[in-house]
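Student: Could we go through this protein together? I would like to understand how the terms are decided.

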Amino acid sequence: MVARRLRADGVAALSGASGCRAPLAGMAGQFRSYVWDPLLILSQIVLMQTVYYGSLGLWLALVDALMRSSPSLDQMFDAEILGFSTPPGRLSMMSFVLNALTCALGLLYFIRRGKQCLDFTVTVHFFHLLGCWLYSSRFPSALTWWLVQAVCIALMAVIGEYLCMRTQLKEIPLSSAPKSSV
């Protein structure tokens, strides 16, 4: 049952059986109306961190299986591991780059807003910086670590934004009737 109610601010709204209210007036000129929801933002941050570390763990496990080496948290959190001089360092860098591509898909499926991709990308990498700092008890100072993180931020943000914008710009069908050629 849908009932018409007047909100406290004087705007008429529809209230359905689910208790959700949809404003009838005051939305002219807006595509979507977003309300700041800290619980949603925090859950998206936790979800993107989970995607980041889960997919990074899978990529590193694949690299470890190829190299026949034992997995270690150092591969994820020690800034000194990444480097161009050793094969494990190069493969770890490749894992981080592939992880950026995987996380761009995470932005597409879980964030879904092109203009929020950079925000969530920087947030994920900021928390990774804090994790590396806490794990190794020193601030990451290796130039290769910073270069890899910068490349990963750029890839994840740009590809994630491209994918989200492509999805947002799809045509919205207005009717299911077949088109007539006039």
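Student: What makes the link between the side chains of Gln 75 and Asp 64 a polar contact?

Tutor: In this predicted model, the two side chains are joined at 2.7 Å. A polar contact needs a pair of N or O atoms within 3.5 Å, one able to donate a hydrogen and the other to accept it, so the pair at 2.7 Å qualifies.

Student: Why is Gln 75 called buried?

Tutor: Its relative accessible area is 12%. Buried means under 20%, so Gln 75 falls in that class. Gln 75 lies in helix H2 and touches Leu 60, Asp 64, Ile 81, Ser 92 and Phe 96, leaving aside residues up to four places away in sequence.

Student: And which residues of the largest nonpolar core touch the most other members?

Tutor: They are Met 48, Phe 96, Leu 107 and Trp 145, out of 29 residues in that core. Helix H3 (87-111) is one of the elements that give two or more residues to the core, and the largest share, seven residues, comes from H3.

Student: What makes these residues a nonpolar core?

Tutor: Members must be buried, belong to a set of residue types that includes Met, Phe, Leu and Trp, and be joined through side-chain atoms within 4.5 Å. In soluble globular proteins, nonpolar side chains tend to be buried together.

Student: Which residues does Trp 145 touch?

Tutor: With residues up to four places away in sequence not counted, Trp 145 touches Ala 79, Leu 82, His 128, Leu 129, Cys 132 and Pro 140.

Student: How many helices and strands does the protein have?

Tutor: Five helices and three strands, in the order β-β-β-α-α-α-α-α along the sequence.

Notes: Residues numbered from 1 in each chain as written. Predicted model: local features only at pLDDT ≥ 70, side-chain atom pairs only at ≥ 80, totals over all residues. Heavy atoms only, no water. Buried < 20%, exposed > 50% of the residue type's maximum accessible area, 1.4 Å probe, protein only. Helix = DSSP H or I, 4+ residues; strand = E, 2+ residues; numbered from the N terminus. Contact = heavy atoms within 4.5 Å.
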